[in-house]
Amino acid sequence: MKPGDERGAAGGRPGAEAGTDDGMGSARILVAEDDRAIRELLVHHLERDGFAPIEASDGQTTLRLARDGVELLLLDIGLPGMDGFEIARTLRREGRTTPIVMVTARADEVDRVVGFELGADDYVVKPFSPREVVARVRAILRRSGGKHDPGPKVRRFGRLEIDEAAREARIDGRDINLKPREYALLLALVSNPGVALSRGTLLERVWGFDYDGDERTVDVHVRRLRMRLEEEHQLGSCLHTVHGFGYKFTHS
Ligand code: CA
């Protein structure tokens, strides 16, 4: 570090503090926030604690950088271009499991933030203490554990296997390469074996709350999914149509 460098003087780059002893010191954290003062404050505190923050100030940039791969996303809800809810849902739909900490300015948004459909790992409400945010980041990274997920969930139904950590559906041990939506749809159904889920419920879980498409979208995707399970594997019949309502998964 250069002498006189302001950030260096404030505490040093990776190596200076607690960030290194647990091996998460250089973790790339994406700070998505359009308020420059808040963004810089977070970046400063993360750097001081040994993390490697990168920055975005609008929705599209956030999505692009998150897709490039980061260890954690600190995501403001009120972003220009595409809001935090939409970004979180998009990333989850694409099968990305990057931990997300939502930053909200409104306490009444918290219910939506921790809601099932969003997949956020934690949240902070503005105004927050940057130290608290850094502590949350550290806790989540420790929990997610980097390479070794503590309990990757694999659901097995005969020859069919759903590996939630890898976001893979396998038959006879082989990945059948489902598209993200098909995978999400299958996961929603196998998570409730024998339970009929309405088209509306599936639409909400797989496409998200604000999706204004048609319920026929669900039919189209179930049909495709069934074909994928049926071709070569003859497992299409595990997806049942519940007429006038929706679909259910059964395993014989
Ligand atoms: Ca904002």
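Helices (H or I, at least four residues) and strands (E, at least two) are DSSP runs, numbered from the N terminus. The exercises below concern a predicted model, in which local features need pLDDT of at least 70 and side-chain atom pairs count only at pLDDT 80 or more, while totals for chains, interfaces and linings use all residues. Residues are numbered from 1 along each chain as its sequence is written.

**Exercise 1. Composition and confidence**

Task: State how many helices and strands the protein has, and identify which elements have the lowest and the highest mean pLDDT.

Solution: 
- Step 1. The protein contains 9 helices and 12 strands.
- Step 2. The predictor's confidence in each residue is expressed as pLDDT, from 0 to 100. The average for the protein is 81, and 82% of the residues score at least 70.
- Step 3. Among the elements, the lowest mean pLDDT (37) belongs to helix α1 (residues 6-9), and the highest (95) to strand β3 (residues 72-76).
- Step 4. Over residues 1-21 pLDDT stays under 50, as it does over residues 147-152.

**Exercise 2. The packing of α2 with α6**

Task: Determine how the axes of α2 and α6 are oriented to each other, and which residues make the contact.

Solution: 
- Step 1. Axes are lines fitted to C-alpha atoms, for helices over the stretch in contact, and angles run from 0 to 180 degrees between N-to-C directions. The axes of helix α2 (residues 36-48) and helix α6 (residues 130-144) come within 10 Å, crossing at roughly 55°.
- Step 2. Angles under 35 degrees count as roughly parallel, over 145 as roughly antiparallel, 65 to 115 as roughly perpendicular and the rest as oblique. The helices α2 and α6 are therefore oblique to each other.
- Step 3. Two residues are in contact if their C-beta atoms, placed from the backbone, lie within 7 Å. On the α2 side the contact involves Leu41, Leu42, His45 and Leu46, and on the α6 side Pro130, Arg131, Val133 and Val134.

**Exercise 3. The surroundings of Ile54**

Task: Is Ile54 buried, exposed or partly exposed, and which residues does Ile54 contact beyond four places in sequence?

Solution: 
- Step 1. Ile54 belongs to strand β2 (residues 52-56).
- Step 2. A residue is buried if 20 or more other C-beta atoms lie within 10 Å of its own, exposed if 12 or fewer, and partly exposed in between. Ile54 is partly exposed because 14 other C-beta atoms lie within 10 Å.
- Step 3. Apart from neighbours within four places in sequence, Ile54 contacts Arg28, Leu30, Leu65 and Val70.
- Step 4. Ile54 and Val70 are separated by 16 residues in sequence and by 9.0 Å in space, C-alpha to C-alpha.
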